[in-house]
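Walk through the packing of this protein with the structure open. We go from contacts to cores, then to the aromatic rings.

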Amino acid sequence: MKRSQKLFQHAQLFIPAGVNSPVRAFRAVGGTPPFIQRGKGAQVWDADGNAYIDYVGSWGALVVGHAHPEVVKAVQRAAERGLSFGAPTEPEVELAELLCKLVPSLEKVRLVSSGTEAAMSAIRLARGFTGRARIVKFEGCYHGHADALLVKAGSGALTFGQPSSAGVPAETAAHTIVLDYNNAFALEKTFERDGAEIAAVIVEPVAGNMNLVPPRPGFLETLRKLCARHGTVLIFDEVMSGFRVALGGAQALYGVKPDLTTLGKVIGGGLPVGAFGGRRDIMDRIAPLGPVYQAGTLSGNPVAVAAGLATLKIIQAPGFFDRLAATARALCEGLGRAARESGVAFSAQHVGGMLGLYFRATAPVSYPEVLQCDKEAFNRFFHRMLAEGVYLAPSAYEAGFVSSAHGAAELEKTVGAAKKAFAALR
Ligand code: KE4
């Protein structure tokens with residue numbers, strides 16, 4: 001990996017830690033991150049020519065694989081007509097209409113350029129709509145890096161949040177209550193006490209930022225019931241789960257309709273697109289229609305929208321998500337068998353095309369249980385797999401992703417690599 005090492009050293013002269021997003025620096029797993037030069041289908045190649053089967057897929061965006069010919073062609077055609085206008089264009093209306101058709105709770109939607117922007121705007125909109133300040137989030141869930149959401153649990157789960165990043169004023173964090181994911185009891189208690197002051201609850205309906213943790217039966221329904229009872233806006237952050245766990249996202253899979261939804265990743269097909277949308281009466285409070293300000297130079301960018309539209313066209317094919325889930329299931333079963341052969345405490349699960357791999361005998365159902373996973377074992381496993389040409393998410397606390405380009409050959413190679421990697425852990 002000589003060239004990647006040189007590139008990484010050089011990068012650190014000009015970019016903090018040599019990366020434009022922290023997880024890419026491999027600090028959780030150690031070592032030098034391969035500099036990726038190109039991707040095709042389920043594969044990526046690094047600057048030293050090493051090939052990897054990719055289970056990151058740009059953190060879930062590439063659900064149809066790298067450089068899908070129909071997506072690339074759509075982007076080329078759009079680019080030839082001009083890269084950006086800062087004016088209304090037809091393709092962004094087409095994408096908005098399609099999102100409202102495919103996502104059960106979307107009546108209106110506003111396009112932005114990232115998941116962070118979507119979540120930040122949804123929080124501001126919920127606060128403007130309700131006239132309230134407090135919000136609830138869950139420990140282990142990540143909603144991008146807006147100040148109000150970089151908050152960890154305060155001393156007691158029912159008290160004020162504390163900043164989880166420098167630069168976030170305590171006064172900002174104080175409005176955020178942080179609870180345990182999948183803990184319906186703590187939710188009831190919080191709403192009993194503060195329900196009238198809570199503007200919004202934001203939740204990953206399938207958590208993917210503490211590794212994969214699916215919602216316990218009844219958790220989302222309890223959220224829905226409590227928010228309706230107290231006039232609180234329920235926000236499903238489907239930036240990761242949207243068009244990943246099912247065509248209509250987690251809200252379609254579990255049959256629970258939020259008031260607002262945030263989207264990202266897949267809807268841009270790898271280019272920068274985010275979105276927030278939902279109930280018309282709430283969305284109509286957004287500028288210039290209403291008093292809640294929100295804007296963006298590149299929002300609805302025609303080239304990015306072209307990539308998103310081409311991707312969404314492909315994933316509407318009959319059986320697309322059945323096949324994606326079948327690939328994820330086969331991978332989880334293969335890895336589970338390989339681990340058992342080596343007697344390694346390991347478990348794996350999936351929700352649609354989203355994977356959870358855990359160095360723990362059983363899959364965690366909460367953030368505290370995720371913390372019990374053997375991080376060291378994961379890190380050693382990660383590097384053995386990388387050496388065998390399999391690129392997993394570089395952290396024990398991230399979900400993994402398959403694409404429609406992952407087939408039997410990729411699975412066979414991955415499980416074969418895992419057999420060696422598990423054996424080396426004994
Ligand atoms: P972006 O601003 O990174 O586009 O989206 C933020 C975001 C919001 N909501 C959810 C549920 C998300 O998963 C994300 C971003 N996901 C991470 C993966 N853990 C992106 C990877 C990174 O930060 O580099």
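This is a predicted model. Begin at Phe422. Beyond its neighbours within four places in sequence, Phe422 is in contact with Leu335, Ala338, Ala339, Ser342, Val344, Phe346, Phe359 and Phe381.

Now widen the view to the nonpolar cores. The largest one holds 82 residues. Which members touch the most others? They are Tyr55, Leu99, Phe243, Ile315, Phe359, Phe381 and Phe422. Helix α10, spanning residues 302-315, is the top contributor to this core, with 10 residues. Where does the core sit relative to the domains? Domain 1 (3-67 + 318-425) and domain 2 (69-315) both supply residues, so the core lies between them. A second core is separate and has 23 residues, including Val201, Val203, Leu234 and Val370.

Back to the rings. Across the whole structure, a search finds 15 aromatic pairs. One of them joins Phe320 and Phe321. Their geometry is edge-to-face, with 5.2 Å centre to centre and 70° between the planes. Are these two residues buried or exposed? Phe320 has a relative accessible area of 5%, so it counts as buried. Phe321, at 13%, is buried too. The cut-off for buried is under 20%.

End with a charge over a ring. Arg38 lies over the face of Trp45, 3.9 Å from the ring centre.

Key
Residues are numbered from 1 along each chain as its sequence is written. This is a predicted model: local features need pLDDT of at least 70, side-chain atom pairs count only at pLDDT 80 or more; totals for chains, interfaces and linings use all residues. Side-chain values use heavy atoms; hydrogens and water are left out. A nonpolar core is a set of buried Ala, Val, Leu, Ile, Met, Phe, Trp, Tyr and Cys residues joined through side-chain atoms within 4.5 Å. Buried means under 20% relative accessible area, exposed over 50%, partly exposed in between (1.4 Å probe, protein chains only). Helices (H or I, at least four residues) and strands (E, at least two) are DSSP runs, numbered from the N terminus. Domain bounds come from an automatic or database domain assignment. Contact means heavy atoms within 4.5 Å. Rings of Phe, Tyr and Trp (its six-membered ring) pair if their centres lie within 6.5 Å; planes under 30 degrees apart count as stacked, over 60 as edge-to-face and the rest as tilted. A charge sits over a ring if NZ of Lys or CZ of Arg is within 6 Å of the ring centre and within 35 degrees of the ring normal.
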